[in-house]
Amino acid sequence: MAKSTRSLEERIQEKNLRAQKLIEQAKKAEAQAKQLAKRQQAEERKKRTHRLIEVGAAVESVLDVPIEEEDIPRLIAFLKKQEANGKFFSKAMQKNPDTDMD
């Protein structure tokens with residue numbers, strides 16, 4: 001009887017060790033997932049920043065002058081007015097699903 005009791009205790013210890021290893025693996029996997037999410041967010045921020053710089057450069061190339069900070073509200077107001085007057089900006093950018101530019 002003592003032998004079977006010891007065997008059960010050993011099996012319990014083995015199961016506990018296995019459970020601890022699994023918990024550690026789960027924690028590592030969770031940390032890796034968080035790191036990947038952070039990297040993805042950083043990559044998305046980088047892409048967005050690049051896109052915004054490109055848009056600003058496009059506007060400056062059309063105007064042939066640098067855009068100053070005080071120009072930005074006027075640009076936004078102009079674009080909003082174009083949208084209010086007939087979604088002209090959306091149509092030009094082909095961003096309005098019910099608009100066909102063909």
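**A contact and its surroundings**

Modeller: The side chains of Asp71 and Arg74 are joined by a polar contact of 2.2 Å. (By polar contact I mean a pair of N or O atoms within 3.5 Å; within protein, one must be able to donate a hydrogen and the other to accept it, and residues adjacent in sequence count only if both atoms are side-chain atoms.) Bear in mind that this is a predicted model: local features need pLDDT of at least 70, side-chain atom pairs count only at pLDDT 80 or more, and totals for chains, interfaces and linings use all residues. Residues are numbered from 1 along each chain as its sequence is written, and side-chain values use heavy atoms, with hydrogens and water left out.

Asp71 belongs to helix 2, which covers residues 71-84. (Helices are DSSP runs of H or I with at least four residues, strands are runs of E with at least two, and both are numbered from the N terminus.) Arg74 is in helix 2 as well, three residues from Asp71, or about one turn of the helix. (Buried is under 20% relative accessible area, exposed is over 50%, and partly exposed is in between, with a 1.4 Å probe and protein chains only.)

The pair also passes as a salt bridge, with N to O at 2.2 Å. (That takes a side-chain nitrogen of Lys or Arg within 4 Å of a carboxyl oxygen of Asp or Glu.) By this rule the count comes to two salt bridges. The other pairing to look at is Glu30 with Lys34, whose side chains meet at 4.0 Å, N to O. These two are four residues apart in helix 1, which means about one helical turn separates them. Glu30 is partly exposed at 46%, and Lys34 is exposed at 51%.

Now for the charges that sit in patches. (Patches take residues with over 30% relative accessible area and no salt bridge; like charges are joined within 9 Å, and nonpolar side chains, meaning Val, Leu, Ile, Met, Phe, Trp and Tyr, within 5 Å.) On the surface, a positive patch gathers Arg11, Lys15, Arg18 and Lys21. One of them, Lys15, lies in helix 1, residues 2-63, and is exposed at 62% relative accessibility. A negative surface patch brings together Glu60, Glu68, Glu69 and Glu70. Glu60 is in helix 1 and has 32% relative accessible area, so it is partly exposed. (Lys and Arg count as positive, Asp and Glu as negative, while His and the chain ends are not counted; each charge is placed at NZ of Lys, CZ of Arg, CG of Asp or CD of Glu.)

Ser61 is also in helix 1, and its side chain reaches the backbone oxygen of Ala58 at 2.7 Å. Ser61 counts as exposed, with 54% relative accessibility. Val62, another helix 1 residue, is exposed at 69%. Val62, Leu63 and Val65 make up a nonpolar surface patch of about 300 Å². (The areas come from the Shrake-Rupley method with a 1.4 Å probe, and for residues only the protein chains shown count as cover.)

Lys87 sits in the loop between helix 2 and helix 3, which runs over 88-93. Its phi is near 55 degrees, a positive value in a residue other than glycine. Lys87 is partly exposed, at 41% relative accessible area. Gln94, in the segment after helix 3, has a positive phi of about 55 degrees although it isn't a glycine. Gln94 counts as exposed, with 58% relative accessibility.
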